[in-house]
Amino acid sequence: MPRIIHVFRQPERFVAGTVGEPGDRSFYLQAIQEARTVSVLLEKQQVSVLADRISALLQEVARRFGSDDLSDEEPGTDLDPLAVPLEEEFRVGTMGLGWDAESRSIVVELLAVTEEEVDESVVLDDTEEGPDALRVFLSPPQARAFADRAERVVTAGRPPCPLCAEPLDPEGHVCVRLNGYHQRTPAD
């Protein structure tokens, strides 16, 4: 069966979001253009890495092509929830990122998880064989807004332990830095 590539050349919305409570959240990326919505599931670390890489790519593009060349109206960060109903198209395995000089856009490509190793030539390519994909073209201001929101979504979870930086659960936390012991308070 040939692969399905969902292409969004001028998305009205491309955002990261979550479903669930901190500590038990599922992370999604959602692209919307006209009446079409595609949502893909991925890991928290993938959202964080994508936001970091987009920010780094924007800095590199500004350095090479000049920031004046890329200035557009700066959209505000989209804080609205994910569109519902939320129907997962696929789970993301491989991510690709690039700069399309012709359209002056950041190109984000998300490939579905597969059992075989993904050949790098499939990323950002329209070949018939390979995993399903979501390809989104973002203007530099849209990419900046995506990275800002993605960072907020990632950091909105459980607060980190001040000693080991692992997430703190509401019911408690056994910190590895305390070697399984907790500090006694005067009330103990």
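1. Of the 188 residues of the protein chain, 36% count as buried, where buried means under 20% relative accessible area, exposed means over 50% and partly exposed lies in between, with a 1.4 Å probe and protein chains only. This is a predicted model, in which local features need pLDDT of at least 70 and side-chain atom pairs count only at pLDDT 80 or more, while totals for chains, interfaces and linings use all residues. Residues are numbered from 1 along each chain as its sequence is written, and side-chain values use heavy atoms, with hydrogens and water left out.

2. The secondary structure of the protein chain comes to 2 helices and 7 strands; helices (H or I, at least four residues) and strands (E, at least two) are DSSP runs, numbered from the N terminus. Along the sequence these elements follow the pattern β-β-β-β-α-β-β-β-α. Among contacts with a separation of 6 or more, 61% are between residues 24 or more positions apart, a contact being heavy atoms within 4.5 Å.

3. The largest nonpolar core has 31 residues, of which Phe14, Leu29, Leu110 and Leu134 touch the most other members. A nonpolar core is a set of buried Ala, Val, Leu, Ile, Met, Phe, Trp, Tyr and Cys residues joined through side-chain atoms within 4.5 Å. Two or more residues of this core come from each of strand S2 (13-19), strand S3 (26-33), strand S4 (36-42), helix H1 (44-65), strand S5 (88-100), S6, strand S7 (133-138) and helix H2 (140-155), and H1 gives the most, with 7 residues. In soluble globular proteins, nonpolar side chains tend to be buried together.

4. Phe14 can be followed in the structure through its partners: leaving aside neighbours within four places in sequence, Phe14 is in contact with Leu29, Gln30, Ala31, Val108, Leu110, Leu134, Val136, Leu138 and Phe146. Two of these partners, Leu29 and Leu110, are themselves named with Phe14 among the residues that touch the most other members of the core.

5. Glu109 lies in strand S6 (residues 105-112) and is buried, with a relative accessible area of 0%. The side chain of Glu109 is joined to that of Arg135 by a polar contact of 2.4 Å. A polar contact is a pair of N or O atoms within 3.5 Å; within protein, one must be able to donate a hydrogen and the other to accept it, and residues adjacent in sequence count only if both atoms are side-chain atoms.

6. Arg91 lies in strand S5 and, at 36% relative accessibility, counts as partly exposed. Leaving aside neighbours within four places in sequence, Arg91 is in contact with Leu41, Glu43, Leu111, Ala112 and Val113, and a polar contact of 2.9 Å joins the side chains of Arg91 and Glu43. Arg91 and Val113 are 22 residues apart in sequence, yet their C-alpha atoms are 5.9 Å apart in space.

7. Gly98 also has its place in strand S5, and is buried, with a relative accessible area of 15%. The C-alpha atoms of Gly98 and Arg53, which are 45 residues apart along the chain, are separated by 10.0 Å.

8. The structure holds 0 disulfides, a disulfide being a pair of cysteine sulfur atoms within 2.5 Å. Cys161 counts as buried at 7% relative accessibility, and Cys175 counts as buried at 6%.

9. Some backbone details deserve a look, given that most residues other than glycine have a negative phi, and most peptide bonds are trans. A cis peptide bond, with omega about 5 degrees, joins Val84 and Pro85, and Pro85 is placed in the loop between H1 and S5. Glu34 is a residue other than glycine with a positive phi, near 55 degrees; Glu34 sits in the loop between S3 and S4 and is exposed, with a relative accessible area of 66%. Arg104 has a positive phi near 55 degrees, is found in the loop between S5 and S6 and counts as partly exposed at 33% relative accessibility.
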